[in-house]
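Biologist: I'm new to this one. Could you walk me through how to read it?

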Amino acid sequence: MAEAMDPEARATSLADVTLKDISTRYTLKNELGSGAQATVYLGQSKGSGSSKGAIKVLPLAELEDDEVYEALRMECTLAKQLRHPYIVQMVEVCRDKENVYVVMECLGGGELFEHLLAKGPFKEDYALTIFAQVALAVDYMHSVDIVHRDLKAENLVFAAKGSPVVKFIDFGGASTCGEGGLTGLVGTPQYVAPEVVKGFGDDSPTEIPYGKGCDLWSMGVLLYVMLSKTTPFRAKEVDQLLKQV
């Protein structure tokens, strides 16, 4: 069981490759972003046929937390299964004595969110081009019973500068969806579906299962955001925002 494993064992269970040091396989370059537990760097593979990748670096100590480990395990498991032109491709998971390294395809075009901020609301024909790709990717994920659960403009990245191709990233909140459905408040408040937050704030909330439809709601919010450069639900406090939803 996961709770009986120490960080070393957990890192080994996640890794495709165990290294003495990451520098023997990749050169880590500039930082691309950071979160609560991990930092993402641009990486260059070594040897013949070297290529660039986005490498998420997570210290082994973070794997002591059961939730962090389970989220990373799920993310890696699902990302390895997915093969689609509009979903970022996982390359491999490495570990050394200090960190776990999740190596992904390098996408150089920037977040959809950044483009929206820079250019303002998208024209309908451009929004249609983007939204069609999102719809195809979601349809594929749902066909293999995977729900993303955090579909938003920040989790869609252009393949390269000037490219019209966008790809889904970040499967940290994703999950397989069986006959019993899903539970848990997962996602971004502005995009999350009503059935996901049902009961939030009640004295005795009950977790009512929900399904793949939560991604479809988030798609609707995304389309609204692309065409208006604003979200349909807005509030200063998260609890008020979720009540609106």
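Biologist: Which elements are among those that cover the buried residues of α4?

Modeller: First, some ground rules. This is a predicted model, where local features need pLDDT of at least 70 and side-chain atom pairs count only at pLDDT 80 or more, while totals for chains, interfaces and linings use all residues. Residues are numbered from 1 along each chain as its sequence is written, and side-chain values use heavy atoms, with hydrogens and water left out. Helices (H or I, at least four residues) and strands (E, at least two) are DSSP runs, numbered from the N terminus. Buried means under 20% relative accessible area, exposed over 50%, and partly exposed in between, with a 1.4 Å probe and protein chains only. Now your answer: the cover includes α2, α3 (112-119), β7 (146-147), β8 (156-158), β9 and α6. Among the residues they cover are I130, F131 and Y140.

Biologist: How many residues does α4 have, and what is its reach?

Modeller: The expected span of a helix is 1.5 Å times one less than its number of residues. Helix α4 (residues 124-143) has 20 residues and reaches 28 Å from first C-alpha to last, close to the expected 28 Å. After α4 comes D145, with a positive phi near 60°.

Biologist: And the sheet: in what order do the six strands sit?

Modeller: Two strands pair if DSSP finds at least two bridges between them. Here the order is β1-β5-β6-β4-β3-β2, an open sheet with mixed pairing. β1 (17-18) and β2 are at the edges with a single partner strand each, so one side of each has no neighbour in the sheet. Two bridges join β1 to β5 (residues 90-95), and these strands run parallel. V17 is opposite C94 in β5.

Biologist: Where does D170 lie?

Modeller: In the loop between β9 (166-168) and β10 (175-176). D170 is partly exposed, at 35% relative accessible area.

Key: Contact = heavy atoms within 4.5 Å.
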